[in-house]
Amino acid sequence: MAFYSRLLGVPWVYERLRIALLGGGPAGDVFGWLGDTREDILIDIGCGTGMAMDRLGAVAEYHGFDTDARALQRFRRRALPENVHLYNAAVTQADLDRIQPTKAIMMGLLHHLADAKAAGLLSMLARCPTVRSAITLDPVLIDGKPLNNLLCRLDRGSHVRTRPQYEALIQAAGFEAVRAEVLPSGNGAAFYFCTLLSRNQE
Ligand SMILES: C[S@@+](CC[C@H](N)C(=O)[O-])C[C@H]1O[C@@H](n2cnc3c(N)ncnc32)[C@H](O)[C@@H]1O
C-alpha cells in the first residue's frame with residue numbers, strides 16, 4: 001500500500017493512471033458549476049499539477065495552493081499567464097485577507113484532510129466575506145459498490161468519507177450545498193461526491 005501511495009504521488013503517474021483506469025472523472029462538469037469566472041478571484045486549494053488550467057475559462061486572478069512541491073513543479077512547467085500565482089503552502093487566514101477570493105476550488109482536497117483540518121479550512125472560507133461560492137469533488141464510499149470502495153481505500157487521501165459524512169462537515173462549517181451530486185467516473189467504476197457551496201449568511 002505504501003508503494004502504491006508513493007507511485008500515485010508521482011504527478012505524471014497520477015494524471016495518466018487516473019485517466020487510463022477510470023476513463024476520466026466528472027471534474028469538467030463540476031468546474032462548470034462555478035459559472036462565469038471572468039471577474040473572479042479564484043483560490044484553488046490543493047491545486048496539484050494544474051488541472052484547473054485545462055478546465056477554467058478566463059479569470060481575473062488565480063491563486064493555487066498545494067503542500068506538495070513536486071505537483072507544483074509540474075504545474076509551473078505550463079505556460080502560465082501573469083495573473084496565475086502559485087504557493088507551496090496550506091492556506092492561512094492572512095492569505096484570504098490579502099487575496100480576497102470570490103470563488104474557491106477544492107477538487108480532490110477534502111479526502112486528504114482529517115475532520116478537524118477539513119472543518120477548520122471550510123469554516124475559514126465560510127467566514128471569508130468575499131467568498132460567494134466554492135466547488136468540491138471527492139471520492140465517496142457507497143454501500144453495495146465494492147469496486148468503488150476498494151478504489152477509495154487505495155486512494156492517496158486517507159479520509160475518504162460517505163456522502164452524509166461530507167455533508168455534515170460542510171453544514172457544520174457554515175456552507176450550504178446548493179448543488180450536491182454523486183457522479184461516476186467515465187467508465188462507472190468510481191464515484192465522486194461533488195458540490196457547489198454557497199456561504200450561509202444567516
Ligand atoms: C487528489 S489531489 C487533487 C489535485 C487537483 N486539485 C486535481 O483535481 O487534479 C489533492 C491535492 O491536495 C494537496 N493537499 C493535501 N493537503 C493539502 C493542504 N492542507 N493544503 C493544500 N494542498 C493540500 C495534495 O498535495 C494534492 O496535490
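**Close-up views of a predicted model**

**Figure 1. Overall dimensions of the protein chain.** With 202 residues, a compact globule would have a radius of gyration near 17 Å, and the protein chain agrees with this, having 16 Å. The model is predicted. Along the principal axes, the C-alpha trace spans about 40 × 40 × 30 Å. The protein chain contains 9 helices and 8 strands. Of its 202 residues, 35% are buried. Among contacts between residues at least 6 apart in sequence, 66% join residues at least 24 apart.

**Figure 2. The largest nonpolar core and Ile135.** This core has 47 residues, and the members that touch the most others are Met106, Leu122 and Ile135. Strand E8, residues 191-199, supplies the largest share of the core, 6 residues. In soluble globular proteins, nonpolar side chains tend to be buried together. Leaving out residues up to four places away in sequence, Ile135 touches Val30, Trp33, Leu34, Ile105, Met106, Met107, Thr195 and Leu196.

**Figure 3. Methionine 107 in strand E4.** Strand E4 covers residues 103-107 and includes Met107. Met107 counts as buried because it has 23 C-beta neighbours inside 10 Å, where 20 or more are required. Apart from residues up to four places away in sequence, Met107 touches Ala27, Met51, Ile135 and Leu137. Thr136 is 29 residues from Met107 along the chain, and their C-alpha atoms are separated by 5.0 Å.

**Figure 4. Leucine 122 in helix H7.** Leu122 lies in helix H7, which runs over residues 115-126. A count of 24 C-beta neighbours inside 10 Å makes Leu122 buried. When neighbours within four places in sequence are set aside, Leu122 is in contact with Leu169, Ile170, Ala173 and Phe175. Gly24 is 98 residues from Leu122 along the chain, and 27 Å separates the two C-alpha atoms.

Figure 5. The loop between E4 and H7 holds Ala114. Ala114 has 10 other C-beta atoms within 10 Å and is therefore exposed, the limit being 12 or fewer. From Ala114 to Gly35 the distance is 29 Å, C-alpha to C-alpha, and the two are 79 residues apart in sequence.

**Figure 6. The two sides of helix H5.** Helix H5 consists of residues 69-76, and its buried residues are Ala71, Leu72 and Phe75. Seen down the axis of H5, these buried residues fall within an arc of 95°, so they line one face of the helix. An α-helix has 3.6 residues a turn, so residues three or four places apart point the same way. Ala69 and Arg76, on the other side of H5, are exposed.

Figure 7. Gln100 is found between helix H6, residues 93-99, and E4. Its phi is near 50°, a positive value in a residue other than glycine. Gln100 is partly exposed, as 13 other C-beta atoms lie within 10 Å.

**Figure 8. Residues around the ligand.** The ligand has 15 residues around it, and those that come nearest are Gly46, Gly48, Met51, Asp68 and Gly108. By class, this shell has 8 nonpolar, 5 polar and 2 charged residues. Met51, one of the residues that come nearest to the ligand, is also touched by Met107.

How values were computed:
Residues numbered from 1 in each chain as written. Predicted model: local features only at pLDDT ≥ 70, side-chain atom pairs only at ≥ 80, totals over all residues. Core = buried A, V, L, I, M, F, W, Y, C linked by C-beta atoms within 7 Å. Helix = DSSP H or I, 4+ residues; strand = E, 2+ residues; numbered from the N terminus. Contact = placed C-beta atoms within 7 Å. Near = placed C-beta within 6 Å. Nonpolar A, V, L, I, M, F, W, Y, C, P; charged D, E, K, R; others polar. Rg over C-alpha atoms; globule rule 2.2 N^0.38 Å. Arc of directions from axis to C-beta.
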